[in-house]
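Colleague: Hi, could you walk me through this one? I'm new to it.

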Amino acid sequence: MKSPEIYQSQFPAPTARNNGGGRRSSFSIASDAFIFFSGAVAALLLVWTFSTFSNHQPNPIPNFETRIPEPKSSVIDDVSCTGSSGGFNLQSDPIDPNFYDDPTFGYTLDKPIKNWDEKRREWFEKHPSFGSGSEERVLVISGSQSGPCSNPIGDHLLLRFFKNKVDYCRRHGYDIVYNNVLLHPQMHTYWAKIPSVRAAMLAHPEAEWIWWVDSDAAFTDMDFKLPLQRYKNHNFVVHGWPKLIYEKKSWTSLNAGVFLIRNSQWALEFMDVWSGMGPQTPNYEKWGEILRETCKDKFFPESDDQTGLVYLLLKEKEKWGNKIYVEGEYYFEGYWLEIVETLENITAKYNGIERKVRRLRRRHGEKVSDGYSALWEEYLKDAGFGKFSWRRPFITHFTGCQPCSGQHNQMYSGQSCWDAMQKVLNFADNQVLRNYGFVHRDLLDSASVSPLPFDYPA
Ligand SMILES: *[C@@H]1O[C@H](CO)[C@@H](O)[C@H](O)[C@H]1NC(C)=O
């Protein structure tokens, strides 16, 4: 019996009648038991995806200012060849004790942490080089199972998804963590991300936000920055549709495969409560029943993190809801099937703009791309956001494709999944390759690139 796969997106493989939905991706165990619940999930998702889901209005977005790092002080510059990076002093860790020296301080879920906000504050006081710009500091985390994928091209696909995340992070100056072990042995599949995120918080007190992005999700707008100002009064951001949450009480009213969580005491307590529904607890089965009772469209018995999140929004709104931002105004993550067919037209639209505007097509070093992204916004004012927009979708999520296990939802063929992944990953890669002077002319041909002529695409 193979060991359960972890960290990959899960989606019901269908046998469905009319119950089912896009299962967001997350960790998946492709253990047999899990797969077959996967069964019944197609129609509903489609219905929602193509109708209700699209009801949200594209709204003015984010705050797109380019954020330029503070000039470094000469003192910090002086250390730059002895272990500082980006103005950070990577060597100094003052000898006086901090929370890491407390033997009871625990990385595991069974050791609740108190006063984390104070602890972080003290850490910043001892490590002042990390102070500047800390409010907008983001750490991206993703992960996949510890063993080889059973899909023969699974590991290759995961590598490409990871490369895509690395590209995005390099462009935006974000650190990235990739975890491929279960930090809690019983918290498999989609539950595995919670202990990973928790550990990342503790390992990275300097990061304000921890951003979980499923292994099967790709950044498809390399320019787009999270509108963090919009979330300044919130601690958790997830893609979803309030109407579906509060009126339909649907388990697919949000997608737990991509979320942003503030490094805070609130987050630790929230994750304690959230993970309290997980397979490591004696109440796991009971929670499965409660969640099915709460979200009638949930068709499988196991308690899962996504329905758990919907439950907390529905039942403990007062306690948690005011700090949770349900983002529906842009593709915080979006369903690949609705995105992939739009890529060609989007490319044509962007090329058309570049042909008209010389400064947008000016060649430049990758490091200074942010300024060009800001420039682009002027020309994207009419593009809209999310569905029906011609803006590049921010994150494309291969919900249901299961690249690692290959156990994709039966509502589509494996080939359509793998082809869509090539297209989407090459679409993203083209935005990166541009700075390197190359382009994939054919999005389905991952191996071939052509050099770009000067002043392309004039
Ligand atoms: C792409 O653009 C063409 C021409 O405007 C249009 O006919 C077609 O429906 C568009 N395709 C998609 C998938 O939006």
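Modeller: Happy to! Let's begin with Pro457, which lies in the segment after β13 (450-451); helices (H or I, at least four residues) and strands (E, at least two) are DSSP runs, numbered from the N terminus. This is a predicted model, so local features need pLDDT of at least 70, side-chain atom pairs count only at pLDDT 80 or more, and totals for chains, interfaces and linings use all residues. Residues are numbered from 1 along each chain as its sequence is written.

Colleague: OK, what joins Tyr456 and Pro457?

Modeller: A cis peptide bond, with omega about 0°. Most peptide bonds are trans, and most residues other than glycine have a negative phi.

Colleague: Which residue other than glycine has a positive phi near 50°?

Modeller: That's Gln402, in the loop between β11 (395-397) and α16. Gln402 is buried, with 31 other C-beta atoms within 10 Å. Buried takes 20 or more such neighbours, exposed 12 or fewer, and partly exposed is in between, with C-beta atoms placed from the backbone.

Colleague: And where does Thr189 lie?

Modeller: In the loop between β4 and α6. Thr189 also has a positive phi, about 45°, although it is not a glycine, and it counts as buried, with 27 C-beta neighbours inside 10 Å.

Colleague: Since you mention α6, how many of its 11 residues are buried?

Modeller: Eight of them, so α6 (residues 193-203) is largely enclosed by the rest of the structure. Among the buried ones are Ile194, Val197 and Met201. They pack against several elements, including β3 (138-143), β5 (209-213) and α8 (265-275).

Colleague: Which residues are buried in α8?

Modeller: Ala267, Phe270, Trp274 and Ser275.

Colleague: Switching topic: at what angle do α5 and α16 pack?

Modeller: Helix α5 (residues 154-172) and helix α16 (residues 414-433) pack at about 30°, with their axes 10 Å apart. That makes them roughly parallel, a label for angles under 35 degrees, while over 145 is roughly antiparallel, 65 to 115 roughly perpendicular and the rest oblique. The axes are lines fitted to C-alpha atoms over the stretch in contact, and angles run from 0 to 180 degrees between N-to-C directions.

Colleague: Which residues meet there?

Modeller: Leu157, Arg160, Asn164 and Asp167 in α5 meet Met421, Leu425, Ala428 and Val432 in α16. Contact means C-beta atoms, placed from the backbone, within 7 Å.

Technical notes
Contact = placed C-beta atoms within 7 Å.
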